[in-house]
Amino acid sequence: MDQNKRFWIFSLLCALSVTFMFAQNISVKGYVFDKGTGDPLIGASVIQKGTQNGVVSDVDGNFVINIPINGTLVVHYIGYNSKEVQVTSAMKKLKIGMEENSQILDEVVAIGYGSAKKKDLTGSIASIRLEDSPRMSLPNMNVLDALKGQLPGLDIGTATNAGGNPSFNIRGQNSIKASNNPLIVVDGVVHLGSWNELNPSDIASVDVLKDASSAAVYGSRAANGVILVTTKRGKSEKPTIRFGATVGFQTPTTRPDMLSPEGYLQLKKDLRRMNGASEADLELQNLLTPYEYSAYQEGNIIDWYDECVSMGLSQDYQLSISGGTDKLNYYVSGQFLDQDGIMYNDQFKKFSVTSKIESQVTDWLKVGLKLSVVNKNADGKEADMRNAVNNTPYGYKYVRFEGFEHEMERSPQGHQTTINPLWQTRQFNEDRNQNYNSVTFARVDLPWIKGLSYTFNFSLNRWEGHGANFQDERYFMNTLDEKDLYDQTKYLVDANGSKSHSTRTDWFMNHLINFNRTLGDHSVDLTLLAERQRATTTKSELSAKDFKAAGSTVLGIHSLELGNPAKRGINTDKTVLSQLAYMARANYAYKQRYHASASIRRDGYSGFADGNKYGDFFSLAGAWTVSNEAFFRDHVKLINYLKFRLSYGENGNPSVGSYSTFSKMGSGSYLFGQETANTSASSGLANKALSWEKTGAWNVGVDFSMFNDRLSGNIDYYSSRTVDLLLNRAIPVMNGFQNVSDNIGEVKNWGFEFSLRSRNIETKDFSWSTGLNFWMNRNKVVSLYGLDGDGDGVEDDDIANNLFIGKSLGAVYTYVFDGIIQEDDLEYMAIYGGNPGDVKFKDLNNDGKIDANGDRKIVGYSKPNFTMTMSNTLTYKNFELYFLLNWISGGGKNNYYIADNIYANYVGTFGGGGTANWLNKEYWMPEHPSNKVPRPNYTNPYQYKFPQRHDFLRLQDLSLAYRFDEKLLSKTPVRSLKFYVAAKNLLTFTSWEGIDPETGTAYAHGNPALRNITMGVEVTF
């Protein structure tokens, strides 16, 4: 599907959404009006209570309805509180005044070290409430799965293995070498673990601080944005027990269309022919290896992809108990997740328990404690996708020697250049870790000063990782040799193993003083912070090889001490990283019209040398709620909320590790006589002047709500500048080194975001709402190393690393493809050489030759052109349907969103037609001269990687739920019962010829993305 078709699909769906939003304006009678302004309300729903008898108000707010005497009318209007009116015989005309519901604007969101109402925000903060939302019916193996496509500016990738963590970033790339990952904060505490440690069902809401002014309260940690996660609390006095169970399966989103056995034979013949083979050489017994020929004669055909990729089952069980009173609130939950990936031997198991308790001890003291433990298991080596795709169809999965028919064949084609893709699954592999987390807080509301509070937060966490790998002598045997099957002792010298134990112990502590008070028309919120954090990591690794002297590896990983003493190793490591911060923030509002915010933060980072350990970061922001002005309320009726925002802030990125400012040491060895002597020497130059990468960013935004909150949204434009980038600067070689890390370089980053939410239809039995998000990001390299080697007065590009001054990051710099040389391209071959069937390139500088110096250019960029998502939620009585479309667009004048796709366009990538199969795709031959794919014996002398666009449109989310009527459950202990079916990545439309367009991965270069289909039940007692 091309980009134009995707555009028209999105346009049609958007038009339908907006059209139906106004489709309730049906002529009827009575009078419904806004109690605050006196204006008539158009399209108010007027229904006789307990019946289907209903009408809507007309353009003047009038309605007529037939209703029995003493009947009750229920009036609904979006953005207003519902109202009931009893009808008597004395009533001739009803006047029903409706009061506005400000719940949307009064919704509280996390802002970092506190919270605020949406209407008081001055920065760009995107929020989503996951608790009780239709997204929680989806197969969310990871919290990021639930957020994907919901928040403009938050880019989230896709997982390709069981328990995988998708990639994510906020508003593009600010740094070239340093981390671009956002800061994660869970319940007010910085989270150093991975996303898959969090239970999606424990999450109540997520708030993303996107602009610098919002994130500046986190200072040096917030250059790439901040994600604030708030977990659930108890809601009702009566204990609530909730159980959920989900069972599903996973399949790949795509699969390669490989040549059939007959097609593979033809490819081998074509390759031989192009290499000048005789007719005798093309006979099957000469064309195939003896093993392949034997398999051909026996009709033994193997689809290696199907052997390695299959449907993976998943099970997810959730149990929670929660409740609360004015004095006590508690929430306890447990999860067991068992997920099989689509690759053979890919699995992930997680068991987690979380408990939260909060107590209002007195009117002025509140304390809380949160404890959690997570145990993860990802044991096993998965099958090799490269060989699963490439291995030829004729061969043997199992050994052919008598008595060993159930022994896996290592060399299915009878030669050791190709390996069974399942072979690596035979080795022992252990990958497990545990995380123990504790958070406690105490809040004191000082009784003698109203609005003044002090909060103390402390977190102590311990993470332990256990890894092991062992390849015994059987792993190295030659299964083509029958003697090896009986005795593998000669391979004991190759047997090897390693075992590691890693830990991270971190603590986090802060003191918060907050003053929040409204004095007449003035609202003031002041916050002071002092914070400390320390993380200590350790790693111990043992390794051994050559167990010949031991005579056996029967104890495997548990007997590494039996390895050859000269080939045993031990590595230990320890790092300590400390950080501190002081912060002050002030928020002010006047008459809920004019808002101002300012913050300053001083950060300390132990990884920097003395004199550079501290950095200062600040922000300023202002907002004007125009809709609260009298002149606006009196003259603009359609827009009921409008606010303009402007902000500027500076944040930092530490950019270096714990000891990066020290000189680096390397180890080596040399032979001294008959002895091996170990050495240590400096391998990197120290730079005590290393400091923060600094990002300053502007943000201008608009928040609006129209038609009585039927239509609401946000628009944001941002522009940032990151300076003092951490890069390797070249230095004279007489220093003993070629480069040193330094703070040089500059990158600019800007973008546009748009979010629209509509309540299209809302009646007693049916509702329909739509969400539309759009975002695009651009950046530019302003400066790199400051070098001008050619003396042209312009700073030099870094071509080797695809970094170009004045151009975007992610540039693809290569030759320009101009088709395939045909037999009649005599003039081209006379000038540039080559043969029919070779790739033809453009001579960009017209010098009569194709070379790297003058014939390469930027042909596109790896970053997307833009991203657009559209979600719809439809409810009818007890049914709820939800779906989300995700469109990542490429193209444009700069040819965005391209990736190398050499496999799909070059037969010889992994020896196609020789020792490997290839795609079912036409390639150049004299009798069918393709203009896209070269001849099968093309050698690719220019190392061209065939970049290709990989934009796509995907039905990312789909769920259908049914909630049983409470009346049916009233005589049972069950308070709520819901059944649902759901899917992720159900349909994908793309022209990309690879594993998956979202990962931009070519076939045989990675694992497919996962398509999940599940069914589940949720019961509440």
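Modeller: What follows covers the patch, then a sheet, then the confidence values.

This is a predicted model, in which local features need pLDDT of at least 70, side-chain atom pairs count only at pLDDT 80 or more, and totals for chains, interfaces and linings use all residues. Residues are numbered from 1 along each chain as its sequence is written, and side-chain values use heavy atoms, with hydrogens and water left out.

Ile 241, Phe 243, Leu 319, Ile 321, Val 332 and Phe 1021 make a nonpolar surface patch of about 450 Å². Patch residues have over 30% relative accessible area and no salt bridge, and nonpolar side chains (Val, Leu, Ile, Met, Phe, Trp, Tyr) are joined within 5 Å. A salt bridge is a side-chain nitrogen of Lys or Arg within 4 Å of a carboxyl oxygen of Asp or Glu. Areas come from the Shrake-Rupley method with a 1.4 Å probe; for residues, only the protein chains shown count as cover.

At least two patch residues come from each of strand E16 (240–252) and strand E17 (312–324); strands are DSSP runs of at least two residues, numbered from the N terminus. Ile 241 lies in E16. Its relative accessibility is 34%, so Ile 241 counts as partly exposed (buried is under 20%, exposed over 50%, partly exposed in between).

Elsewhere, an open sheet of mixed pairing has five strands in the order E9-E14-E15-E12-E13; strands pair if DSSP finds at least two bridges between them. Strands E9 (125–129) and E13 (189–190) are at the edges with a single partner strand each, so one side of each has no neighbour in the sheet.

The chain's mean pLDDT (the predictor's confidence in each residue, from 0 to 100) is 88, and 94% of its residues reach 70 or more.

Notes: Patch = residues over 30% accessible without salt bridge, like charges linked within 9 Å, V, L, I, M, F, W, Y side chains within 5 Å. Helix = DSSP H or I, 4+ residues; strand = E, 2+ residues; numbered from the N terminus. Buried < 20%, exposed > 50% of the residue type's maximum accessible area, 1.4 Å probe, protein only.
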